[in-house]
Amino acid sequence: MIYVKQILKKNHKPDHAPMEPQTVSDARPPALSERPLAVALAGMLALAVAMGVGRFAFTPLLPMMLHDGVLTLAEGSWLATANYVGYLAGALACMALPWLAPGFYARWHPARLARAGLVATVLLTLAMALPLPGSWAALRFVAGAASAVVLLNVAAWCMVRLAVLGRPAMGGLIFCGPGVGIVLTGLAAGAMVAGQWRAAAGWVVFGLLAVLLCVGVWPVVRGRAAQVQATDPATGGAPAAAPAQGAGTAAARAVHALAYGLAGLGYIVTATFLPVIARAALPPGSPWPDLFWPVFGAGVAMGAALSTRAPPAWDRRWLLLAAYALQALGIALGLVWPTPAGFAVSSLCVGLPFTAITFYGLQEARRLWPASADSFASLVTAAYGLGQIAGPPLVAWLIAQADPGRGFARGLALAAVALVAGAVLYGLSVWRWPLPPHRRVC
């Protein structure tokens with residue numbers, strides 16, 4: 001009887017309609033958007049473009065741009081800041097859009113917004129190859145906004161879609177995307193440095209790489225995420241809505257937003273200047289500096305994959321606390337152990353929790369405010385963006401007060417302090433607002 005009801009539901013027929021015999025022609029393979037693995041991989045590739053290229057392609061290309069003499073280190077810091085300000089603007093726009101323009105949001109659902117953001121990322125990346133330095137700040141600003149739009153909308157679409165398909169745990173694979181993009185762009189940049197390519201050629205290569213990655217996204221991310229409803233195996237009907245779990249107070253939400261924002265400040269110095277910092281610390285001509293960024297990316301991808309193994313019942317605040325502590329340790333290792341081995345371990349430790357923090361942070365946002373999950377996720381992403389914005393100008397100011405080596409060291413030390421402060425906030429949150437033993441977080 002359950003099987004009959006499931007078939008009826010799948011074919012969208014009323015319960016009183018007679019059953020029709022199943023034929024071989026009805027056994028069509030499911031669409032890609034109905035395959036959990038295809039959905040997770042499409043989300044991963046989308047974030048590889050939006051984050052690995054749209055956000056972080058600038059990091060491995062910065063040494064090349066400095067070598068070409070097209071900008072100074074201070075100008076590079078401000079270009080990075082423009083990208084992070086754009087990221088903040090994109091997150092705020094995603095938060096406000098459902099409230100300010102509900103009609104527009106009804107037409108431009110998450111899949112459509114994500115696809116538009118990916119097209120913008122490709123075009124903006126290619127435009128950076130033009131010899132128009134006066135436009136670079138605007139291009140990086142819009143690229144940052146596009147990356148936030150893609151991140152939030154792809155994550156929302158894919159996570160809802162995976163929940164509908166009964167595989168929500170696969171959502172962690174989506175967040176391997178930034179690491180995959182960072183590895184690809186980092187290795188490509190290393191090869192281009194070895195071949196003495198100019199930075200403009202690097203932007204073209206990264207734009208074409210983004211186009212190639214988008215090929216795997218387009219057939220999957222389309223339409224509304226919940227257009228096909230799941231069935232309850234016990235009733236054959238649509239599953240009952242899960243009760244809101246762990247809805248926190250305004251204070252708990254504020255603590256989460258502040259702590260999550262500190263993560264943005266904590267990682268951004270490394271994520272912006274790692275190849276430059278390594279070049280300053282290691283002997284001239286060393287082949288190692290170009291490899292630390294791919295190591296960072298590999299850590300990002302591995303950490304995201306491991307994040308899917310965390311049991312749903314575990315309090316995400318404890319996981320976030322551990323992730324912050326690991327990143328702080330990685331930064332400290334880079335300061336006290338400035339050797340190839342030290343930088344490699346440091347890059348891995350900073351990279352491993354990077355997207356796991358995003359994954360757990362968005363899960364915690366949905367737990368704290370299930371009635372406004374998307375808007376609160378955008379709000380905490382905006383707080384994260386504010387933390388990122390503060391990093392590059394702070395480093396530029398510290399370098400102006402001293403030599404680059406000491407300026408970078410002070411910037412990294414402040415980043416580590418921010419991460420420790422964020423970990424303390426999550427510890428206080430667990431103490432002040434503990435979860436009941438039966439409460440599950442997913």
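Predicted model: local features only at pLDDT ≥ 70, side-chain atom pairs only at ≥ 80, totals over all residues.
Salt bridges that share partners join R367 and E364 with D315 and R317 into one network.

D315 has a relative accessibility of 11% and counts as buried because buried means under 20%. R317, with a relative accessible area of 1%, is buried as well.

The structure holds 4 salt bridges. Another of them pairs D290 with R279, with 2.6 Å between the closest N and O atoms. This pair links distant parts of the chain, since D290 lies in helix α12 (residues 289–307) and R279 in helix α11 (residues 250–281), 11 residues apart. R279 is partly exposed, its relative accessible area being 32%.

| Salt bridge | N to O distance |
|---|---|
| D290 and R279 | 2.6 Å |

A further topic is the packing of helices. Two packed helices are described by the angle between their axes and the distance between the axes. Helix α3 (residues 58–68) packs with helix α10 (residues 199–214) at an angle of about 155°, and their axes are 8 Å apart. Angles over 145 degrees count as roughly antiparallel, and α3 is therefore roughly antiparallel to α10. On the α3 side, the residues in contact are F58, P60, L61, M64, M65 and D68; on the α10 side, they are A199, G202, W203 and F206.

The loop between α9 (177–194) and α10 contains Q196. The phi angle of Q196 is near 60°, a positive value in a residue other than glycine. Q196 counts as exposed because its relative accessibility is 72% and exposed means over 50%.

The surface also carries a nonpolar patch of about 340 Å², made by L335, V336, W337 and V345. Of these residues, V345 is placed in helix α14 (residues 340–351). With a relative accessible area of 33%, V345 is partly exposed.

How values were computed:
Residues numbered from 1 in each chain as written. Heavy atoms only, no water. Patch = residues over 30% accessible without salt bridge, like charges linked within 9 Å, V, L, I, M, F, W, Y side chains within 5 Å. Areas by Shrake-Rupley, 256 points an atom, 1.4 Å probe, with all protein chains shown as cover. Salt bridge = Lys/Arg side-chain N within 4 Å of Asp/Glu carboxyl O. Helix = DSSP H or I, 4+ residues; strand = E, 2+ residues; numbered from the N terminus. Buried < 20%, exposed > 50% of the residue type's maximum accessible area, 1.4 Å probe, protein only. Axes fitted to C-alpha atoms, helices over the stretch in contact; angles between N-to-C directions. Parallel < 35°, antiparallel > 145°, perpendicular 65-115°, else oblique. Contact = heavy atoms within 4.5 Å.
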